[in-house]
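Trainee: Could you take me through the pocket side of this model in some detail, and then through the packing around it? I would like the cut-offs spelled out as we go.

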Amino acid sequence: MSNYVIWTKQIINGACALAGMKGYAEDWRLLDGQSQKDSFPATARFDMNPEYPNDVALTDSLYNLDRQIIASPRLRDLLEGLNVPHMEYIPVNVFNHKGRAVEPSYAIAHPTDPVACIDPAASGG
């Protein structure tokens with residue numbers, strides 16, 4: 001039997017929310033589970049969402065409009081320690097409301113073997 005996790009968000013007052021990723025026109029490849037470790041551009045970035053200018057706290061998993069897992073070093077270490085299969089960690093820049101890169105550095109925790117949630121043939125879709 002396999003174990004699966006459905007990644008959800010928790011709203012935390014004051015925690016930053018990120019806008020959509022900039023600098024990578026082929027971001028659909030992430031949703032498709034294609035490996036990006038050798039092709040992800042170093043210029044790709046997430047900016048804190050300007051609609052929430054007072055929300056600046058950095059959490060271990062940053063909420064973002066693209067629904068990616070933007071992982072802190074602590075979360076990345078945890079996932080790596082669990083030997084999560086089919087997962088790569090892609091460094092990504094995160095910028096605050098003043099346009100400065102945040103520390104610590106974050107990474108996209110990217111599953112490269114996504115699990116289908118529906119059986120098209122059985123669903124009749």
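Mentor: The largest pocket has a volume of about 1700 Å³. A pocket here is found on a 1 Å grid over the protein atoms alone, as an open set of points where a 1.4 Å probe fits, with protein on both sides within 12 Å along at least five of seven lines; lining residues have an atom within 4 Å of a point. Grid points are joined across faces, edges and corners, and the volume is the space filled by probe spheres set on them.

Keep in mind that this is a predicted model, in which local features need pLDDT of at least 70 and side-chain atom pairs count only at pLDDT 80 or more, while totals for chains, interfaces and linings use all residues. Residues are numbered from 1 along each chain as its sequence is written, and side-chain values use heavy atoms, leaving out hydrogens and water.

Of the 43 lining residues, Val 5, Ile 6, Trp 7, Thr 8 and Ile 69 are the closest to the pocket centre. Two or more lining residues come from each of α1, β3 (61-64) and β6, and β3 gives the most, with 4 residues. Helices (H or I, at least four residues) and strands (E, at least two) are DSSP runs, numbered from the N terminus. By type, the lining divides into 25 nonpolar, 13 polar and 5 charged residues; Ala, Val, Leu, Ile, Met, Phe, Trp, Tyr, Cys and Pro count as nonpolar, Asp, Glu, Lys and Arg as charged, and the others, Gly among them, as polar.

Now to the packing. The largest nonpolar core has 17 residues, and Leu 18, Phe 40, Ile 70 and Ile 108 have the most contacts inside it. Such a core is a set of buried Ala, Val, Leu, Ile, Met, Phe, Trp, Tyr and Cys residues joined through side-chain atoms within 4.5 Å, where buried means under 20% relative accessible area (1.4 Å probe, protein chains only). β5 (87-95) and β6 (106-111) each give two or more residues to this core, and the largest share, 3 residues, comes from β5.

Finally, Val 102 sits in the loop between β5 and β6 and is buried, with a relative accessible area of 11%. Leaving aside neighbours within four places in sequence, Val 102 is in contact (heavy atoms within 4.5 Å) with Met 48, Leu 58, Val 94, Phe 95 and Asn 96. The C-alpha atoms of Val 102 and Ala 57, 45 residues apart along the chain, are separated by 11 Å.

Key:
Buried means under 20% relative accessible area, exposed over 50%, partly exposed in between (1.4 Å probe, protein chains only).
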